[in-house]
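Please walk through the model shown below, starting with its strands and ending with the chain as a whole.

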Amino acid sequence: TVECNSTGSPNLKIMFISSQTDYSTTCEDLNPGTMYNITVTSWNNELSNSSDTIYVPTLPVQPESVVTDPLSDTNISVSWNVSDENIEYFTVECNSTGSPNLKIMFISSQTDYSTTCEDLNPGTMYNITVTSWNNELSNSSDTIYVPTLPVQPESVVTDPLSDTNISVSWNVSDENIEYF
């Protein structure tokens, strides 16, 4: 038999047949982010002998419904949901090609699962991933790809040239713009 149990939950027992050559099984339908005690017991003629108990956690629940919103040319808001509260903390990674990871940590007691990735580069595509952590194990959301807004044109100057034409000129502080 294999016993998979956690504090406060009933034992889950799975029987093995002696003719099996693959001595393995899967404990299924467990709770996410929960520590389980695993014990394997061999039987013969109604006598048994058990392994040492191994303590192993399940992965925390995966963050879901990740939503991103470019707030400005340097900030992206990120929000998410979780279906289980058994999480120690979250990390949010805002990555772009060629730049270091920006990680923001959260405590799971928060009820508002959101943050803002700040001090980003204007007009740049970022990869956003939210990861839940519990018992030193993690489970990551799907990666969302979202750009920051391009830099805002500055010093817009107009000059009426005629009764049908107006000249318009401006400056930008960043060259990462596709078109105006």
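Two strands are said to pair if DSSP finds at least two bridges between them. Strands are DSSP runs of E with at least two residues, helices are runs of H or I with at least four residues, and both are numbered from the N terminus. The model is predicted, and local features need pLDDT of at least 70, side-chain atom pairs count only at pLDDT 80 or more, while totals for chains, interfaces and linings use all residues. Residues are numbered from 1 along each chain as its sequence is written, and side-chain values use heavy atoms, with hydrogens and water left out.

By these rules the protein chain has 0 helices and 15 strands. β7 and β10 run antiparallel and are joined by 4 bridges.

The next topic is the core. A nonpolar core is a set of buried Ala, Val, Leu, Ile, Met, Phe, Trp, Tyr and Cys residues joined through side-chain atoms within 4.5 Å. Buried means under 20% relative accessible area, exposed over 50%, and partly exposed in between, with a 1.4 Å probe and protein chains only. The largest nonpolar core has 18 residues, and V78, W80, F90, V92 and I128 have the most contacts inside it. Two or more residues come from each of β7 (76-81), β8 (89-95) and β11 (125-134). Not counting residues up to four places away in sequence, W80 touches, among others, P63, F90, V92, F106, Y113 and V130, where contact means heavy atoms within 4.5 Å.

M35 lies in strand β3 (residues 35-44). M35 counts as partly exposed because its relative accessibility is 36%. Beyond its neighbours within four places in sequence, the contacts of M35 are N5, S6, Y55, V56, P57 and N135.

Finally, the whole chain. Its C-alpha atoms fill a box of roughly 105 × 35 × 25 Å along the principal axes. Buried residues make up 29% of the 180 residues.
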